[in-house]
Amino acid sequence: MSKKENNTCNTCMSDLTRRDFLKVAGAITGGLAAASAVSNTALASSGGGDIPLEDQKALFYDATYCVGCRECELACKEDNHLKEENVDDLSGNTFTLIKLYQSEDGGESSFRKYQCMHCVDPACATSCPVGALEKTDEGPVLYESLKCIGCRYCMQACPYGVPAYDWSQAYPLIAKCDLCYDRHDGPACATACSPGALISGTRGELLKIAKERIAANPGKYYEDRVFGEHDGGGTSVLILSAVSFDKIGLPPLTEKAIPHYGETATRAVPYIFGGAAGFTAIVYRATMTAEERQRLGKKQGKEEGETE
Ligand code: SF4
Ligand code: SF4
Ligand code: SF4
C-alpha cells in the first residue's frame with residue numbers, strides 16, 4: 001500500500017485505507033447474508049452425516065482404570081505441538097486435562113479426563129453463525145479457523161465448557177480437541193494410556209465394551225450406565241465412573257440434544273448477532289498486518305495439511 005493511497009483517519013486506532021473501507025462496506029452486506037446462509041448449513045449439518053452412529057469414531061474413558069499418570073496429556077501436547085503450561089482448565093494449549101475429585105472426608109475419589117465430548121448433535125456447531133464448527137460424518141467435531149469470526153458463541157453454547165480462546169495468537173482463535181481426526185492409529189491420548197483407561201474404536205464397539213464391564217461388575221459403576229450414550233443427545237466420548245457424574249464435573253443433561261433446548265432462540269442468535277460479530281471480524285481482517293495474515297495463513301495451512 002503506497003502512502004498516496006493511504007487515507008488515514010486521525011480518530012481511528014488503525015490506518016483504515018479507502019480500499020479497505022470499501023472492502024469492508026461491501027463485505028458487511030455479503031457477510032450478513034453469508035452468515036445467515038452458512039448458519040443454516042451449520043444447523044442442518046450439526047446432527048452428523050451418512051455414517052451410522054455406531055460406526056463413527058469414538059473414545060471410551062473408564063475412570064476406574066485411570067491412575068492419573070497424565071501420559072494422555074503429554075501425548076496430546078506432543079501430537080498437537082502444544083506448549084507446556086500449568087493450567088486448571090482447558091486452554092489454547094491444553095486440549096485435555098486430568099483432574100482429581102476427592103471428597104472432603106477422603107472417602108471417595110476419582111480421576112476425570114476433560115476434553116471435547118464430540119457431541120452427536122453439537123451445540124457449538126449450531127450456535128456458530130458462520131459454520132466454523134462442524135460435526136463430521138466420521139464423528140469428530142472439527143473447527144476451521146479461517147471461517148471463524150471470533151464471536152465466541154460456541155464457548156457460551158457448549159454444555160461442557162470446552163472451546164477455549166487461544167490468546168497467544170495476534171488474531172485469537174478457538175482451540176479444542178479434534179479427536180485426532182487425521183491419525184490413522186487412533187487418538188494419541190488413547191495410544192499412550194497403558195493402564196487401559198482410554199480405548200478408541202467405533203461408538204458401537206465401545207458401548208458394547210462399557211456395557212459388558214457394567215454387567216460383569218454389578219454396583220461398581222455409577223447408576224450402572226454409560227455417560228454419553230444418551231446424555232445431551234449423546235456424545236462420541238463415553239465415560240464410566242464409580243463416583244457420581246456430577247461430582248466429576250459432568251453436567252446433568254436430559255436425553256434431548258442441547259441445540260434443541262430453546263431452539264427458536266438458538267436459531268435466532270446467528271441472525272441477530274452474526275452481523276455485528278461478522279462486521280467486527282471483517283474490519284479486523286481488513287486491517288490485519290501482513291505478518292498477522294501470514295501467521296493465520298500458516299495456521300490454516302497446517303490444519304489443511306493435517307486433514308489431507
Ligand atoms: S494415560 Fe490413562 S491412566 Fe494415565 S492419566 Fe491418562 S487416562 Fe489416566
Ligand atoms: S463438547 Fe462442546 S465443543 Fe465439544 S462437540 Fe460438544 S458442544 Fe462442541
Ligand atoms: S483425541 Fe487427540 S486431540 Fe483429543 S485429547 Fe486425545 S490426543 Fe488430544
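Asp-224 is found in the loop between α6 and β9, where helices (H or I, at least four residues) and strands (E, at least two) are DSSP runs numbered from the N terminus. The model is predicted: local features need pLDDT of at least 70, side-chain atom pairs count only at pLDDT 80 or more, and totals for chains, interfaces and linings use all residues. Residues are numbered from 1 along each chain as its sequence is written, chains are lettered from A and ligands numbered from 1 in the order written, and side-chain values use heavy atoms, without hydrogens and water.

**Exercise 1.** Describe the backbone and the exposure of Asp-224.

*Solution.* Step one concerns the backbone: Asp-224 has a positive phi of about 45°, yet it is not a glycine. Most residues other than glycine have a negative phi.

**Exercise 2.** Locate His-118 and decide whether it is buried or exposed.

*Solution.* His-118 belongs to the loop between β3 (109–114) and α3. Its phi is positive, about 50°, although His-118 is not a glycine. The relative accessible area of His-118 is 0%, so this residue is buried.

**Exercise 3.** In which order do the three strands of the open sheet stand, and what is left at its edges?

*Solution.* First, read the order: the strands run β8-β1-β9, with mixed pairing. Next, examine the edges: β8 and β9 each have a single partner strand, so one side of each lacks a neighbour in the sheet. Helix α6 (residues 203–216) packs on this sheet and touches β1, β8 and β9, contact meaning heavy atoms within 4.5 Å.

Then take the pairings one by one; two strands pair if DSSP finds at least two bridges between them. Strand β1 pairs with β8 (residues 198–202) in the antiparallel sense over five bridges, and Tyr-61 has Leu-198 in β8 as its bridge partner. With β9 (residues 237–240), β1 pairs in the parallel sense over four bridges, and Phe-60 stands opposite Leu-238 in β9. Finally, five of the six residues of β1 (residues 57–62) are buried, so the strand is largely enclosed by the rest of the structure.

**Exercise 4.** Which residues come nearest to ligand 1, and which are closest to ligand 2?

*Solution.* Around ligand 1 there are 13 residues, and Cys-66, Cys-69, Arg-70, Cys-72 and Cys-193 come nearest; a residue counts if one of its heavy atoms lies within 4 Å. Sorted by class, this shell has 10 nonpolar, one polar and two charged residues. Here Ala, Val, Leu, Ile, Met, Phe, Trp, Tyr, Cys and Pro count as nonpolar, Asp, Glu, Lys and Arg as charged, and the others, Gly among them, as polar. Ligand 2 is surrounded by 14 residues, the closest being Cys-116, Met-117, Cys-119, Cys-124 and Cys-158. The shell of ligand 2 has 12 nonpolar, one polar and one charged residues.

Methods. Buried means under 20% relative accessible area, exposed over 50%, partly exposed in between (1.4 Å probe, protein chains only). Axes are lines fitted to C-alpha atoms, for helices over the stretch in contact, and angles run from 0 to 180 degrees between N-to-C directions.
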